[in-house]
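I opened the model to look up its strands, its helices and the charged pairs among them. My notes follow in the order in which I made them.

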Amino acid sequence: MESVTSVRILVVDDEESLRFFLTRGLKKAGYEVEAMADGRSAIERLSQMSYDVVLTDIVMPDVSGLDVLAAVHEMDKDAVVILMTGHGTVENAIDALRLGAFDYLTKPFELKELLVTIDRGLERRAVERENRKLRFLVNKRLTEAPEADGGILSARRDWERSFIKDLLRKTRGNVTKAAELARISRPNLHKKIRALDINPGEFKR
(Lines give C-alpha, C1' and ligand atoms only; values in the text may rest on other atoms or scores of the structure.)
Protein backbone atom coordinates (compact mmCIF):
# COMPACT_ATOMS: atom_id res chain seq x y z
CA MET A 1 0.00 0.00 0.00
CA GLU A 2 1.18 3.57 -0.72
CA SER A 3 2.70 5.62 2.08
CA VAL A 4 0.43 7.88 4.11
CA THR A 5 2.22 11.02 2.92
CA SER A 6 1.34 10.24 -0.71
CA VAL A 7 -2.39 9.85 -0.01
CA ARG A 8 -4.61 12.82 -0.87
CA ILE A 9 -7.97 13.12 0.93
CA LEU A 10 -10.94 15.39 0.17
CA VAL A 11 -13.25 16.16 3.11
CA VAL A 12 -16.77 17.39 2.29
CA ASP A 13 -19.10 18.62 5.03
CA ASP A 14 -21.22 21.72 5.58
CA GLU A 15 -20.42 21.74 9.30
CA GLU A 16 -17.37 23.96 9.85
CA SER A 17 -16.38 22.50 13.21
CA LEU A 18 -16.35 18.95 11.82
CA ARG A 19 -14.33 20.02 8.79
CA PHE A 20 -11.78 21.60 11.11
CA PHE A 21 -11.64 18.49 13.34
CA LEU A 22 -11.23 16.09 10.41
CA THR A 23 -8.71 18.24 8.54
CA ARG A 24 -6.55 18.72 11.62
CA GLY A 25 -6.70 15.05 12.62
CA LEU A 26 -5.97 13.69 9.16
CA LYS A 27 -3.10 16.10 8.58
CA LYS A 28 -1.65 15.12 11.95
CA ALA A 29 -1.85 11.47 10.79
CA GLY A 30 0.30 12.44 7.79
CA TYR A 31 -2.30 12.73 5.03
CA GLU A 32 -2.57 15.54 2.51
CA VAL A 33 -6.04 17.02 3.09
CA GLU A 34 -8.38 19.49 1.40
CA ALA A 35 -11.82 20.43 2.70
CA MET A 36 -14.96 21.71 0.97
CA ALA A 37 -18.07 23.18 2.61
CA ASP A 38 -20.62 21.85 0.11
CA GLY A 39 -21.16 19.18 -2.50
CA ARG A 40 -21.17 21.54 -5.47
CA SER A 41 -17.71 22.93 -4.60
CA ALA A 42 -16.46 19.38 -4.02
CA ILE A 43 -17.61 18.18 -7.45
CA GLU A 44 -15.98 21.20 -9.08
CA ARG A 45 -12.74 20.46 -7.23
CA LEU A 46 -12.92 16.79 -8.23
CA SER A 47 -12.96 17.85 -11.87
CA GLN A 48 -9.64 19.62 -11.30
CA MET A 49 -7.80 17.26 -8.95
CA SER A 50 -7.73 13.52 -8.25
CA TYR A 51 -8.03 12.19 -4.70
CA ASP A 52 -7.27 8.81 -3.19
CA VAL A 53 -10.02 9.13 -0.58
CA VAL A 54 -13.21 11.20 -0.54
CA LEU A 55 -14.84 11.59 2.87
CA THR A 56 -18.27 13.15 2.49
CA ASP A 57 -21.36 13.84 4.56
CA ILE A 58 -24.56 12.47 3.03
CA VAL A 59 -27.03 15.21 3.95
CA MET A 60 -25.95 18.64 2.67
CA PRO A 61 -27.90 21.53 1.15
CA ASP A 62 -28.41 21.57 -2.61
CA VAL A 63 -25.93 18.83 -3.60
CA SER A 64 -25.86 15.71 -1.41
CA GLY A 65 -23.11 13.26 -0.59
CA LEU A 66 -24.77 10.76 -2.91
CA ASP A 67 -24.32 13.27 -5.75
CA VAL A 68 -20.65 13.57 -4.76
CA LEU A 69 -20.35 9.76 -4.78
CA ALA A 70 -21.81 9.62 -8.31
CA ALA A 71 -19.41 12.33 -9.48
CA VAL A 72 -16.40 10.58 -7.96
CA HIS A 73 -17.17 7.32 -9.73
CA GLU A 74 -17.74 9.12 -13.00
CA MET A 75 -14.36 10.84 -12.78
CA ASP A 76 -12.23 8.29 -10.91
CA LYS A 77 -13.55 4.80 -10.15
CA ASP A 78 -10.36 4.09 -8.20
CA ALA A 79 -11.08 6.60 -5.42
CA VAL A 80 -12.17 5.30 -2.01
CA VAL A 81 -15.43 6.97 -0.95
CA ILE A 82 -16.37 6.96 2.75
CA LEU A 83 -19.68 8.46 3.83
CA MET A 84 -20.56 10.21 7.08
CA THR A 85 -24.13 9.94 8.27
CA GLY A 86 -26.40 10.73 11.18
CA HIS A 87 -28.54 8.03 12.78
CA GLY A 88 -31.55 9.12 10.71
CA THR A 89 -29.79 8.58 7.37
CA VAL A 90 -28.19 5.17 7.90
CA GLU A 91 -30.52 3.63 5.29
CA ASN A 92 -29.21 6.13 2.73
CA ALA A 93 -25.65 5.14 3.62
CA ILE A 94 -26.44 1.45 3.12
CA ASP A 95 -27.94 2.27 -0.27
CA ALA A 96 -24.76 4.18 -1.10
CA LEU A 97 -22.67 1.05 -0.44
CA ARG A 98 -24.62 -0.62 -3.22
CA LEU A 99 -23.72 2.33 -5.45
CA GLY A 100 -20.00 1.88 -4.87
CA ALA A 101 -19.11 3.63 -1.60
CA PHE A 102 -16.50 1.73 0.40
CA ASP A 103 -18.03 2.25 3.86
CA TYR A 104 -19.87 4.68 6.09
CA LEU A 105 -19.37 6.09 9.56
CA THR A 106 -22.21 7.12 11.87
CA LYS A 107 -21.74 10.48 13.59
CA PRO A 108 -20.29 11.08 16.08
CA PHE A 109 -17.23 8.90 15.50
CA GLU A 110 -13.68 8.81 16.83
CA LEU A 111 -10.75 9.82 14.64
CA LYS A 112 -9.20 6.40 15.29
CA GLU A 113 -12.25 4.72 13.73
CA LEU A 114 -11.92 6.92 10.65
CA LEU A 115 -8.20 6.17 10.29
CA VAL A 116 -8.85 2.42 10.46
CA THR A 117 -11.59 2.74 7.82
CA ILE A 118 -9.31 4.73 5.52
CA ASP A 119 -6.57 2.13 5.95
CA ARG A 120 -8.98 -0.69 5.06
CA GLY A 121 -10.21 1.21 2.03
CA LEU A 122 -6.71 1.80 0.71
CA GLU A 123 -5.83 -1.87 1.30
CA ARG A 124 -8.91 -2.93 -0.66
CA ARG A 125 -7.97 -0.58 -3.47
CA ALA A 126 -4.42 -1.97 -3.58
CA VAL A 127 -5.77 -5.52 -3.86
CA GLU A 128 -8.20 -4.54 -6.62
CA ARG A 129 -5.41 -2.80 -8.55
CA GLU A 130 -3.21 -5.87 -8.24
CA ASN A 131 -6.14 -8.01 -9.33
CA ARG A 132 -6.60 -5.94 -12.47
CA LYS A 133 -2.87 -6.08 -13.18
CA LEU A 134 -2.77 -9.87 -12.82
CA ARG A 135 -5.85 -10.27 -15.00
CA PHE A 136 -4.17 -8.18 -17.67
CA LEU A 137 -1.01 -10.29 -17.51
CA VAL A 138 -3.00 -13.52 -17.67
CA ASN A 139 -5.05 -12.29 -20.65
CA LYS A 140 -1.80 -11.27 -22.35
CA ARG A 141 -0.33 -14.69 -21.72
CA LEU A 142 -3.45 -16.40 -23.04
CA THR A 143 -3.30 -14.29 -26.18
CA GLU A 144 0.34 -15.15 -26.77
CA ALA A 145 0.14 -18.81 -25.66
CA PRO A 146 -1.05 -21.76 -27.76
CA GLU A 147 -4.81 -22.25 -27.72
CA ALA A 148 -4.51 -25.60 -25.95
CA ASP A 149 -6.67 -26.16 -22.87
CA GLY A 150 -3.58 -26.99 -20.87
CA GLY A 151 -2.06 -23.56 -21.53
CA ILE A 152 -5.27 -21.78 -20.48
CA LEU A 153 -5.61 -23.80 -17.28
CA SER A 154 -1.95 -23.25 -16.43
CA ALA A 155 -2.27 -19.48 -16.93
CA ARG A 156 -5.37 -19.30 -14.76
CA ARG A 157 -3.69 -21.35 -12.05
CA ASP A 158 -0.64 -19.07 -12.10
CA TRP A 159 -2.88 -16.01 -11.81
CA GLU A 160 -4.84 -17.48 -8.89
CA ARG A 161 -1.65 -18.45 -7.06
CA SER A 162 -0.11 -14.98 -7.52
CA PHE A 163 -3.32 -13.24 -6.45
CA ILE A 164 -3.80 -15.35 -3.31
CA LYS A 165 -0.14 -15.05 -2.32
CA ASP A 166 -0.40 -11.28 -2.66
CA LEU A 167 -3.50 -11.29 -0.43
CA LEU A 168 -1.74 -13.36 2.21
CA ARG A 169 1.33 -11.17 2.02
CA LYS A 170 -0.76 -8.05 2.65
CA THR A 171 -2.61 -9.68 5.57
CA ARG A 172 0.46 -11.44 7.01
CA GLY A 173 -1.04 -14.85 6.45
CA ASN A 174 -4.43 -14.06 8.00
CA VAL A 175 -6.88 -16.03 5.84
CA THR A 176 -9.95 -14.35 7.33
CA LYS A 177 -8.67 -10.86 6.50
CA ALA A 178 -7.52 -12.02 3.06
CA ALA A 179 -11.03 -13.32 2.33
CA GLU A 180 -12.52 -9.98 3.41
CA LEU A 181 -10.14 -8.05 1.13
CA ALA A 182 -10.92 -10.29 -1.83
CA ARG A 183 -14.67 -10.25 -1.07
CA ILE A 184 -14.93 -14.03 -1.11
CA SER A 185 -15.98 -16.48 1.58
CA ARG A 186 -13.36 -17.87 3.95
CA PRO A 187 -14.20 -21.55 3.11
CA ASN A 188 -13.79 -20.86 -0.63
CA LEU A 189 -10.44 -19.18 -0.04
CA HIS A 190 -9.30 -22.10 2.13
CA LYS A 191 -10.28 -24.49 -0.66
CA LYS A 192 -8.23 -22.48 -3.19
CA ILE A 193 -5.25 -22.34 -0.82
CA ARG A 194 -5.26 -26.11 -0.41
CA ALA A 195 -5.74 -26.74 -4.13
CA LEU A 196 -2.83 -24.46 -5.01
CA ASP A 197 -0.63 -25.91 -2.23
CA ILE A 198 -0.05 -22.52 -0.59
CA ASN A 199 1.07 -22.30 3.04
CA PRO A 200 -0.36 -19.18 4.77
CA GLY A 201 2.19 -19.64 7.54
CA GLU A 202 4.95 -18.53 5.16
CA PHE A 203 3.52 -15.02 5.15
CA LYS A 204 3.27 -14.53 8.93
CA ARG A 205 5.84 -12.04 10.18
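In which sense do strand 4 and strand 5 pair, and over how many bridges? I find that strand 4 and strand 5 (residues 103-106) pair in the parallel sense over four bridges, where two strands count as paired if DSSP finds at least two bridges between them. I note for the labels that helices (H or I, at least four residues) and strands (E, at least two) are DSSP runs, numbered from the N terminus.

**Entry: ground rules.** I am reading a predicted model, in which local features need pLDDT of at least 70 and side-chain atom pairs count only at pLDDT 80 or more, whereas totals for chains, interfaces and linings use all residues. Residues are numbered from 1 along each chain as its sequence is written, and side-chain values use heavy atoms, with hydrogens and water left out.

**Entry: confidence.** The protein chain averages a pLDDT of 84, and 85% of the residues score at least 70; pLDDT is the predictor's confidence in each residue, from 0 to 100.

**Entry: strand 4.** I looked up the cover of strand 4 (residues 80-85) and found six of its six residues buried, that is, under 20% relative accessible area, with exposed meaning over 50% and partly exposed in between (1.4 Å probe, protein chains only). In a regular strand the side chains alternate between the two faces of the sheet. Here both faces are covered, with Val80, Ile82 and Met84 buried on one side and Val81, Leu83 and Thr85 buried on the other. Towards strand 5, Ile82 stands opposite Asp103. Strand 4 also pairs with strand 3 (residues 53-57), in the parallel sense and over five bridges, and there Leu83 is the bridge partner of Thr56. Strand 3, helix 3 (residues 65-75) and strand 4 make a right-handed β-α-β unit, right-handed meaning that, with the strands pointing away from the viewer, the path from the first strand over the helix to the second runs clockwise.

**Entry: strand 1.** Strand 1 is mostly covered, with four of its five residues buried. Strand 1 pairs with strand 2 (residues 32-36) in the parallel sense over five bridges, and Val11 has Ala35 as its bridge partner in strand 2. The chain crosses from strand 1 through helix 1 (residues 16-28) to strand 2, in a right-handed β-α-β crossover. Strand 1 also runs parallel to strand 3, joined to it by four bridges, and Ile9 has Val53 as its bridge partner there.

**Entry: charged pairs.** How many salt bridges does the structure hold? I find 10 salt bridges, each being a side-chain nitrogen of Lys or Arg within 4 Å of a carboxyl oxygen of Asp or Glu.

The side chains of Asp52 and Arg125 meet in one of them (2.9 Å, N to O). This pair links distant parts of the chain, Asp52 in the loop between helix 2 (39-46) and strand 3 and Arg125 in helix 5 (residues 111-144), 73 residues apart. Both Asp52 and Arg125 are buried.

Arg120 forms a salt bridge with Asp103, the closest N and O atoms being 2.6 Å apart. Arg120 lies in helix 5 and Asp103 in strand 5, so this pair ties together parts that are 17 residues apart in sequence. Arg120 is partly exposed, with a relative accessible area of 36%, whereas Asp103 is buried, at 17%.

Asp57 is found in strand 3 and is buried, with a relative accessible area of 7%. The side chain of Asp57 makes a polar contact with that of Lys107 (3.2 Å), a polar contact being a pair of N or O atoms within 3.5 Å; within protein, one must be able to donate a hydrogen and the other to accept it, and residues adjacent in sequence count only if both atoms are side-chain atoms.
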